[in-house]
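Q: Could we go through this structure together? Please begin with the terms.
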Amino acid sequence: MARVTPPGRPLAGLTVLVVEDSRYSSEAMRLLCMRSGARVRRADCLRSAFRHLQAYRPDVAIIDLGLPDGDGADLIRDLAHATPRVAAIVGISGDPGLHNTVLAAGADGFLAKPVESVAIFQHAVMSILPANLRSWRPTAVSDDMIQPDNASLREDLAYVAEILSRASDPNCIDYVVRFLCGVARSAHDEPLQEAALALAGDLRKGYAITASLAGISAMVEDRLARTIAH
């Protein structure tokens with residue numbers, strides 16, 4: 001029997017596990033889930049996600065690809081082949097080009113960051129839920145937009161600044177630059193995103209990055225100071 005849900009809250013009664021290392025992005029997901037009526041659990045890495053999954057089985061899993069301890073696509077594959085299977089698996093990334101990678105790993109859908117529209121979020125999740133978990137009666141779809149507060153953005157920027165201040169391992173730098181690309185994209189900070197993308201390109205090509213790393217560190221410190229001021 002299909003669920004009956006309150007108008008505008010089509011995910012009422014469902015549990016969503018959000019696997020996301022960015023506080024800013026996970027706060028956005030929390031707001032979207034709450035506006036949609038879902039219960040939210042958060043994991044910030046693969047290890048934390050596996051701990052959650054040992055305790056309960058969510059109805060929906062929303063998984064970021066770039067995680068500090070591995071590739072979110074590996075978790076998507078595990079969940080897609082598990083028995084019982086999570087009813088709906090969504091991959092998310094700040095890189096829209098990873099859409100096919102997410103689906104090839106076994107996800108049912110993909111969301112490109114930033115995800116700010118309640119309507120887009122609800123449609124993306126509802127469209128991939130099995131029939132027994134969809135609300136059967138028509139519900140009003142909100143056209144509201146959500147906006148995480150500056151505290152979560154400040155936490156992400158402080159995290160990046162701390163890693164950059166002591167990073168020497170190229171793999172560590174690669175991770176934090178990809179993390180910063182996603183944060184900048186979600187925060188609509190185009191200059192920071194472009195700088196992060198340029199640094200990521202230099203890393204891939206094996207170029208010297210000392211100067212560009214110092215430049216991006218200064219940009220992060222500048223943004224961090226602004227969020228503290230406000």
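A: Buried means under 20% relative accessible area, exposed over 50%, and partly exposed in between, with a 1.4 Å probe and protein chains only. The model is predicted, so local features need pLDDT of at least 70, side-chain atom pairs count only at pLDDT 80 or more, and totals for chains, interfaces and linings use all residues. Residues are numbered from 1 along each chain as its sequence is written, and side-chain values use heavy atoms, without hydrogens and water.

Q: Is Phe179 buried or exposed?
A: Phe179 is buried, at 6% relative accessibility.

Q: And Tyr159? Which helices do Tyr159 and Phe179 lie in?
A: Tyr159 is partly exposed, with a relative accessible area of 32%. Tyr159 lies in helix 6 (residues 150-166) and Phe179 in helix 7 (residues 170-186), so their pair ties together parts 20 residues apart in sequence. Helices are DSSP runs (H or I, at least four residues), numbered from the N terminus.

Q: How many aromatic pairs are there?
A: The structure holds 2. Rings of Phe, Tyr and Trp (its six-membered ring) pair if their centres lie within 6.5 Å; planes under 30 degrees apart count as stacked, over 60 as edge-to-face and the rest as tilted. The Tyr159 and Phe179 rings have centres 5.2 Å apart and planes at 75 degrees, so this pair is edge-to-face.

Q: Where do Tyr175 and Phe179 lie?
A: Both are in helix 7, 4 residues apart, about one turn of the helix. Tyr159, Tyr175 and Phe179 form one aromatic cluster.

Q: Changing topic, which residues of helix 3 are buried?
A: In helix 3 (residues 72-81), the buried residues are Gly72, Ala73, Leu75, Ile76, Leu79 and Ala80. Seen down the helix axis, they fall within an arc of 155 degrees, so they line one face of helix 3. The arc is that of the directions from the helix axis to the C-beta atoms.

Notes:
Helix = DSSP H or I, 4+ residues; strand = E, 2+ residues; numbered from the N terminus.
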